[in-house]
Structure formats: structure tokens, C-alpha cells
Amino acid sequence: MNIVQSIQDLKKSIRETARASGRDPEGIRLVLVTKTVEPSRILEAYQAGARDFGENRVQEWREKKPVLPPDIRWHLIGHLQTNKVKYVVGQAALIHSLDRLELADAVEKQAQAKGIAEVPCLVQVNVSGKESQWGLDPAQVADFVGQMPARPAIMLRGLMTIGPLTEDQEKIRECFRRTRELLEDLKKRFPQYGWDILSMGMSADYRIAIEHGSNMLRIGSRVFPRDGAK
Ligand SMILES: *Cc1c(COP(=O)(O)O)cnc(C)c1O
């Protein structure tokens with residue numbers, strides 16, 4: 001399958017899963033994850049209508065970005081080092097991986113320096129425990145969020161999580177269910193923020209994520225096979 005067909009096939013699957021879960025497919029955004037994917041293949045996806053792309057390595061992204069169309073909305077989805085923040089603030093449409101105060105401070109400082117009023121961010125939460133290195137423990141999230149109003153440029157939009165890398169469907173459901181519950185709790189406790197984005201679901205688990213309320217899927221290998229095969 002070529003990229004265009006893969007995207008059409010994926011969108012069809014997203015629509016079917018959404019409808020089966022009683023959800024409006026229009027409310028689910030697709031971010032194509034293009035780490036290790038060459039610009040020419042990203043452009044094929046762009047020409048097929050995709051506009052949201054996700055990268056997790058700042059250096060790689062910085063090399064690709066200038067040769068791709070300027071209306072792409074880039075999502076920073078991976079662990080972000082503070083010394084790379086200067087390349088991301090004002091350049092990424094959404095940072096999915098806000099996970100510590102030190103990073104929030106660096107984002108705030110860059111925004112102030114560049115005169116950028118609002119930097120849209122998601123708090124990354126680690127519900128699957130040992131499976132992932134990054135993200136806040138769910139028990140720490142409310143405390144972390146409570147410290148964001150003192151950083152006025154940080155505009156919190158929602159949560160991001162990475163599902164556990166397991167075949168155990170029940171574990172994956174549990175992870176997505178808990179992330180959704182956490183989002184609902186934050187909506188009540190911190191009404192000054194939007195909380196309109198729930199970024200969860202990758203190639204292996206996006207259907208389960210849709211069933212649990214995800215409205216932003218981050219999908220890479222299902223559209224761009226890693227071995228480079230077309
Ligand atoms: C690579 C990556 C994805 C996409 O994963 P696939 O399994 O290739 O769909 C999504 N989110 C993050 C944070 C990633 O690093």
C-alpha cells in the first residue's frame with residue numbers, strides 16, 4: 001500500500017471505530033508521526049491532505065522543517081530537553097510532552113523572550129508505570145498543573161499519554177480509562193484551562209484509545225512502515 005492508500009485506509013478505520021463507539025469521527029484529529037521519515041514521503045502525505053505531523057527528535061525536525069510546506073502544524077511529541085526549547089517555542093503548534101517544572105520554566109522563559117503570549121501544551125502523564133521513562137505520575141499531575149498559572153505563557157490544552165507496550169488489551173484499556181478520568185478531574189479543578197485535547201493512541205492501540213475518548217491520535221508506523229517499504 002502506498003502512503004495515500006494507507007492514510008485513506010487509516011481514516012476509514014478511525015471513522016468506523018468512532019461510529020461504533022458512538023462518537024463523531026470529525027472530532028478526532030490525526031497527527032502523522034514522521035520521525036525517521038524522509039521529507040519526500042512526508043510530502044506525499046501532505047499532498048494527500050495531511051497537515052498535522054509529529055516529531056520527537058528536535059534536531060531531526062529542524063533539518064526537515066525548512067524543506068517542507070510552511071502550513072504544516074508540527075507537534076512535538078517526544079521527551080524535550082530544556083536546551084532544545086528555544087527551537088520549539090513559536091515553531092511547534094503543540095507541545096505534547098510537558099512533564100516537569102524545569103521544562104515549564106524553560107518554555108515560559110523562551111515565550112517571554114520571544115514575545116509569544118501563549119504556548120499550547122499538553123501535560124504528559126505516565127499511567128503505564130515502568131513501561132515509559134517519561135511523563136508525570138498521575139498522582140503528581142494536579143500539583144504540577146496548580147503551578148502553571150504562575151507561568152502565564154503556558155496554555156494547557158489537555159493530556160498526552162503513551163499506552164503500555166503490551167498485547168494485554170485490558171492493561172491498555174485501563175491506562176486510557178485512567179487518563180480520561182484524570183482529564184475530567186482536571187477540567188473541574190482547573191477551569192481556567194481548555195482541557196479539550198486528549199492525545200492518546202498509536203498504531204497498535206488507536207482503536208482502544210478512540211473507545212476511551214481520545215481526540216488526537218499519533219500514528220507513525222501504520223502509515224510509514226519503519227523498514228521503508230512502500
Ligand atoms: C513514535 C511515536 C508515536 C507513533 O508510534 P507508532 O507506533 O509508529 O504509530 C506516537 N507517539 C510518540 C510519543 C512516539 O514517539
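Colleague: Is Trp-74 buried or exposed, and what is its relative accessible area?

Modeller: Buried means under 20% relative accessible area, exposed means over 50%, and partly exposed is in between (1.4 Å probe, protein chains only). Trp-74 has a relative accessible area of 3%, so it is buried. Before we go on: this is a predicted model, where local features need pLDDT of at least 70 and side-chain atom pairs count only at pLDDT 80 or more, while totals for chains, interfaces and linings use all residues. Residues are numbered from 1 along each chain as its sequence is written, and side-chain values use heavy atoms, with hydrogens and water left out.

Colleague: Okay! How do I read a pair of aromatic rings?

Modeller: You describe the pair by the distance of the centres and the angle of the planes. Rings of Phe, Tyr and Trp (its six-membered ring) pair if their centres lie within 6.5 Å; planes under 30 degrees apart are stacked, over 60 edge-to-face, and the rest tilted. Searching the whole structure turns up three aromatic pairs. In one of them, Phe-53 and Trp-74 have ring centres 6.0 Å apart and planes at 45 degrees, so that pair is tilted.

Colleague: Which parts does the pair of Phe-53 and Trp-74 tie together?

Modeller: Strands are DSSP runs of E with at least two residues, helices are runs of H or I with at least four, and both are numbered from the N terminus. Phe-53 is in strand S2 (residues 52-55) and Trp-74 in strand S3 (residues 73-76), so the pair ties together parts 21 residues apart in sequence. Phe-53 is buried too, at 0%.

Colleague: And how are the rings of Trp-61 and Trp-74 arranged?

Modeller: Their centres are 6.3 Å apart and their planes at 55 degrees, so this pair is tilted. Trp-61 lies in helix H3 (residues 58-64), so its pair with Trp-74 in strand S3 links parts 13 residues apart in sequence. Trp-61 is buried, at 2%. Phe-53, Trp-61 and Trp-74 make up one aromatic cluster.

Colleague: Where does the charged end of Arg-51 sit?

Modeller: A charge sits over a ring if NZ of Lys or CZ of Arg is within 6 Å of the ring centre and within 35 degrees of the ring normal. The charged end of Arg-51 is over the ring of Tyr-46, 3.6 Å from its centre. Arg-62 lies over the face of Tyr-87, also with 3.6 Å to the ring centre.

Colleague: Last one: how many disulfides does a search of the whole structure find?

Modeller: A disulfide is a pair of cysteine sulfur atoms within 2.5 Å, and the search finds zero. As for cysteines, Cys-121 is buried at 0%, and Cys-175 is buried at 3%.
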